[in-house]
Amino acid sequence: MTDNFSRRDFLKLAGVGAATSAILTGCGPASRYVKREPYMEMPEYTYNGLSTYYATTCRECAAGCGLVVRTSQGRAIKTEGNANHPLNLGKTCARGQATLHGLYNPDRVTDPIQRKRGNASATAVDWDSATQTVADALKNNKPSEIAFLLGTTSDHLFDLVADLSAQTGINPPVRFGALSMFESRATLAKAAENLFGESGMPFFDLGGAQAVFSFGANFLETWLSPVSYTRGFAGLREALTKKRGTLVQFESRMSSTAGKADEWIPLVPGTEALVALAIGRLALELRGGPLPRAFSDIDPKSAASKSGIKLETLERYAEMFANSAGVLAIPGGAALGQTNGLAVAEAVLTLNAVADNFGKPGGVFFSPLAPNQAMYQRSASVKEMQDFTKKLADGKIKVLFVHGVNPVFELPAALEFKKALEGVEQVISFSTFPDETALESDYVFPDHHSLESWGYQRVATGSNQSALSGSQPVVSPFYNTRATADVLIAAAQLAGGKFAAALPFKDEVEFLQSKIAPLMSQSGGFFSAADLPTFMAYFQQYGGWWQTADSRTVPNTADIFNRSLKAPEAEFAGEGEFFFMPFVSPTLAEAGANKPWLQELPDPTTTVMWNTWVEINPETAHELGLEDDDVVKIISEAGELELPVYRYPAIRPDTIAIPFGQGHTAYGRYAEGRGANPTDLLGGHFNEAGDLAFAGMKVKIEKTGRKQPLSRLESLMGVYGVGLGEEH
Amino acid sequence: MIKRLFDWLRQPLGLIAVGITLLAVFSVAAYGISLTQQAPEQPVQFPHQTHVAFGIQCLYCHPGAAKGPSAGIPAQAKCWACHNQIAKTETSLLLAPLKQAVISGKPLEWVPVAQVPDFVQFNHRAHIAAGQNCENCHGDMSKQNVAENPQVFNMGFCLDCHKQVAGDDHEKLVKLVDCGTCHY
Amino acid sequence: MIRPEEIKMSAEETGKWGMVMDQDICTGCQACVVACAMENNITFVGEEDSGYGRSMHWIRIERFWEGEYPEVKMTPNQPMLCQQCGSATCEPVCPAFATVHSQAEQLNLQVYNRCVGTRYCANNCPYQVRSFNWRDYERPEPLSNQFNPDVTVRRRGVMEKCTFCIQRIHKAQDKAKSEGREVVDGEFTTACAQACPASAITFGRVDDPESLVSQLAKKRGHGIKHLEELGTLPNVTYFKGG
């Protein structure tokens with residue numbers, strides 16, 4: 001091509017060429033040779049072109065929201081909330097909507113496989129030999145050498161393994177999930193047990209409250225049951241029977257929950273217990289009368305100076321506690337994830353006694369136990385996971401079964417779970433996706449995706465009613481996967497003896513029915529039936545079974561003021577000058593990174609997509625000479641991480657924050673090699689309840705001199721004037 | 001270079017070359033369009049004529065047309081329900097693929113004949129409910145063997161009918177010629 | 001050139017479908033964004049292209065910062081989507097008549113098969129809610145199994161935007177008609193409103209004074225319509241609350 005041949009000429013010729021080829025190919029018969037395969041036999045109630053809807057349960061987190069999935073021609077098209085379900089009343093969160101990108105993820109484990117650990121390539125095996133492998137693992141090892149590590153969903157599988165363990169003497173199943181680690185669930189439960197003499201999951205009635213004081217609980221994002229707490233928040237704001245309620249959030253970094261708060265109080269990390277006790281004391285002093293023991297040791301003035309909150313502010317809050325009804329204090333999240341976390345939880349729960357809101361609208365309750373549950377069960381704390389990991393490392397476990405959790409990714413680096421697996425002879429994963437733990441396993445026997453599965457999930461909190469949420473397959477399995485419960489039942493039959501006796505079922509559905517059958521005789525349900533098939537049909541149709549009455553219970557607070565409450569100083573591990581604040585990405589959470597639409601969701605506070613960042617106060621960044629997108633190295637006592645800077649205007653100057661959710665080294669094309677994982681920085685320090693003190697660390701920042709542009713929805717040019725030059 | 005090309009094109013030989021090229025392009029295009037109007041090859045050369053002659057209603061095999069957007073192709077179980085009682089099914093060469101499909105459990109792969117592009121949202125139900133008969137668009141099936149397309153399903157064909165149906169009813173006309181009625 | 005009397009005429013028009021957004025309870029959780037993407041076959045574009053501002057969200061949650069630490073505040077989350085203007089600025093600039101006003105539903109339509117990709121409409125939209133398919137973005141198999149059959153899958157070079165879930169409007173109208181009745185308020189809603197855990201989004205008939213949207217708009221008073229001063233006659237009302 002010569003210089004004479006201008007761009008315009010080229011476009012002309014190209015245009016003619018394109019038009020010609022469009023005529024030749026576009027209208028040709030090739031484009032209409034679509035093939036259509038009719039059903040061999042049309043399923044009942046299905047018509048071509050019309051959708052069929054199935055009720056099931058979301059498994060993107062452990063909350064147990066009810067879904068109704070729209071299917072068309074055997075494909076799942078859209079997840080919608082189950083309007084009948086007492087937990088979510090027809091609503092869903094972003095992760096629940098994106099569960100379809102898990103079902104139709106291009107990187108699922110399609111067949112049972114065997115691999116050399118750590119090796120991406122694997123050889124497919126058939127299900128018969130897979131079942132035989134599981135049977136041999138059960139039969140040929142001592143019961144004490146067999147362990148199950150399960151995720152927080154689904155409860156039916158946990159029950160099945162718990163039954164197996166109870167009758168055969170194998171180790172009781174251990175459950176874990178990164179969300180419960182960042183929620184500090186164990187701390188909350190322990191504090192409730194200490195204060196009320198009863199273990200259970202507290203329920204905070206946001207909807208009825210007039211003022212809410214949240215100490216680190218990010219209940220609008222991932223905490224416990226975000227959909228139901230979001231509904232509660234809406235009630236706080238606009239219930240027509242009362243004034244618009246206020247929300248005050250104490251935390252060192254403005255989360256998107258704090259972004260909705262009327263007042264965000266960036267207190268010094270670790271001083272939450274002091275603040276709660278000071279507010280309580282000031283409120284009681286305002287009311288007059290003798291000070292109870294719980295609040296007698298605290299000095300509000302020193303609490304104010306230590307926490308960096310003005311005394312007047314504390315007095316203002318105290319007045320609200322002293323004089324108005326419907327004031328609620330919630331402990332959660334990072335406030336509990338510190339070495340003094342249990343004291344924080346106890347202090348904040350006791351603050352509710354000052355407001356005298358227990359069992360009242362806008363107050364604290366105990367969440368009802370689920371219908372087929374005898375007592376509250378929580379997932380393992382990280383301390384318990386450390387003990388478990390140690391057992392693995394010491395070679396005390398010969399076979400480890402892993403389902404529904406990705407400990408290699410989720411556990412703090414300091415626990416060295418991946419290394420501990422070397423002490424286990426045989427690791428069998430039931431993962432649906434090729435995650436990091438599946439990669440470190442000898443076998444992966446993939447479970448169905450949750451939308452292809454049977455099961456049930458207990459609603460642990462968030463609903464007034466006692467509820468069991470039911471799952472059923474909404475589509476037939478897309479790949480050569482098999483329900484883990486079916487595999488275990490079949491393997492137990494093969495293994496014979498006590499194993500066969502422990503699981504005397506034909507398949508998963510029969511097991512499920514045996515667990516659901518007792519509900520038929522329970523009263524107060526919103527449906528009942530005389531025979532099991534009818535009951536099961538209703539159970540599937542409505543997406544579970546729940547009681548119609550409010551079955552929350554009121555905690556016993558008779559003794560609450562008589563305990564001596566201490567506010568020990570929080571200890572921070574490491575030498576850096578910055579408090580470290582990992583938080584769960586509200587859009588990705590623990591397992592969302594492989595779903596492309598969740599990746600493309602802008603983070604609610606920063607609008608960053610597809611990556612991880614470190615949030616630094618703009619002033620601090622300026623002092624350090626850091627700009628947006630400068631890559632820095634964060635060094636903690638447990639490890640180091642490189643990631644780009646986001647200058648975040650709403651974080652303490654002495655704190656940096658990193659979202660958890662990215663940084664996968666496996667887990668499919670959308671997750672792998674993207675961003676960084678803050679658990680790589682986490683050490684092994686705990687609070688008194690055994691929860692990880694993930695917010696109890698200090699870190700150092702080093703410049704690297706590199707830049708890595710972050711994709712943001714928010715325009716840097718439009719909003720910050722970046723790149724506009726001098727004239728903006 | 002372009003200038004030289006245009007100079008050459010102005011000569012008689014060039015003009016003839018252009019003419020031949022254009023002719024070739026258009027004839028190939030015409031052939032392509034004519035191909036789209038021919039019935040494609042089907043796994044079973046299904047004789048609609050014969051079935052209609054037995055008095056089977058369209059909606060018996062394509063019930064979706066009265067209920068929703070898609071008329072649908074009948075499930076093989078529906079074909080087999082009648083055909084396994086007909087002795088000829090055993091021997092007929094024409095029916096061998098059906099028999100094979102039922103035995104192997106692999107569905108037949110039909111090629112849809114009456115199609116609209118992806119950007120058109122067509123709903124059979126509304127048309128049947130409005131009193132349109134199947135043959136208005138699909139032709140008289142009692143005279144066809146393998147289904148053919150009696151006309152091009154282009155926008156003109158749709159709109160002609162829509163306008164005619166609306167007649168003087170302005171509100172109806174607005175609805176029936178609205179872009180958003182079919183394109184979204 | 002638009003004559004003044006024409007402006008007056010369009011200003012008297014009432015819309016048909018509308019939304020009410022309660023910014024005071026919107027938590028910015030992004031459930032609406034995914035619900036919309038799943039309902040409307042919206043593609044994801046990947047990290048690089050989203051960095052160029054090419055992500056295809058039909059609805060986005062805006063938040064701004066006010067003040068400086070420690071007095072910094074996040075402004076109430078603002079779900080921004082096509083306002084389905086009664087007098088839309090995108091419509092008159094389309095040379096291909098791909099962006100047209102639906103007379104039947106009073107919505108701004110985007111007719112994909114007419115769109116030639118000039119992007120004039122997006123440049124002329126004061127709300128910046130139109131997104132353009134810069135590429136044929138790959139959705140590897142079997143992700144396509146999730147596609148909603150009621151919505152066209154767009155390809156490269158085509159502009160797209162929120163349709164107020166017109167496929168749901170049609171479905172509800174079709175169902176009502178088959179049962180010989182009118183569409184009832186609340187019988188259906190858009191994907192975003194359906195998902196919203198806080199129920200911050202309400203959708204319905206603004207020309208029906210009895211509908212929930214009209215009632216909400218009346219009850220809360222002092223709602224605002226964004227950039228109303230441009231004469232666009234938007235059909236989405238925002239309540240900041242507080």
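How many bridges join strand E2 (residues 66-72) of chain A to E3(A)? Six, and the two strands run antiparallel. The views below come from a predicted model.

**View 1. An open sheet of three strands in chain A.** The strand order is E1-E2-E3, with antiparallel pairing. Strand E1 (52-57) and E3 of chain A stand at the edges. Each has a single partner strand, so one side of each is left without a neighbour in the sheet. Neighbouring strands are turned by 30° against each other on average, direction ignored.

**View 2. Pairing of E2(A) with E3(A).** Ser72(A) has Arg75(A) of E3(A) as its bridge partner.

**View 3. Helix H10 (residues 272-287) of chain A against helix H13 (residues 341-355) of chain A.** Their axes come within 8 Å and cross at roughly 20°. Angles under 35 degrees count as roughly parallel, so H10(A) is roughly parallel to H13(A). The crossing is left-handed. H10(A) contributes residues including Ala273(A), Ala276(A), Gly280(A) and Leu284(A). Among those from H13(A) are Val344(A), Ala347(A), Thr350(A) and Leu351(A). By class, this contact has twelve nonpolar, two polar and one charged residues.

**View 4. The contact of chain A with chain C.** Chain A gives 49 residues and chain C gives 44 residues. On the side of chain A, the elements that give two or more residues include strand E3 (75-81), helix H3 (99-103), helix H8 (226-238) and helix H22 (596-599). The largest share, seven residues, comes from H8(A). The residues on this side of chain A divide into 26 nonpolar, twelve polar and eleven charged.

Methods
Residues are numbered from 1 along each chain as its sequence is written. Chains are lettered from A and ligands numbered from 1 in the order in which they are written. This is a predicted model: local features need pLDDT of at least 70, side-chain atom pairs count only at pLDDT 80 or more; totals for chains, interfaces and linings use all residues. Axes are lines fitted to C-alpha atoms, for helices over the stretch in contact, and angles run from 0 to 180 degrees between N-to-C directions. Helices (H or I, at least four residues) and strands (E, at least two) are DSSP runs, numbered from the N terminus. Angles under 35 degrees count as roughly parallel, over 145 as roughly antiparallel, 65 to 115 as roughly perpendicular and the rest as oblique. A crossing is left-handed if the near helix is turned anticlockwise from the far one by less than a right angle, and right-handed if clockwise. Two residues are in contact if their C-beta atoms, placed from the backbone, lie within 7 Å. Ala, Val, Leu, Ile, Met, Phe, Trp, Tyr, Cys and Pro count as nonpolar, Asp, Glu, Lys and Arg as charged, and the others, Gly among them, as polar. Two strands pair if DSSP finds at least two bridges between them.
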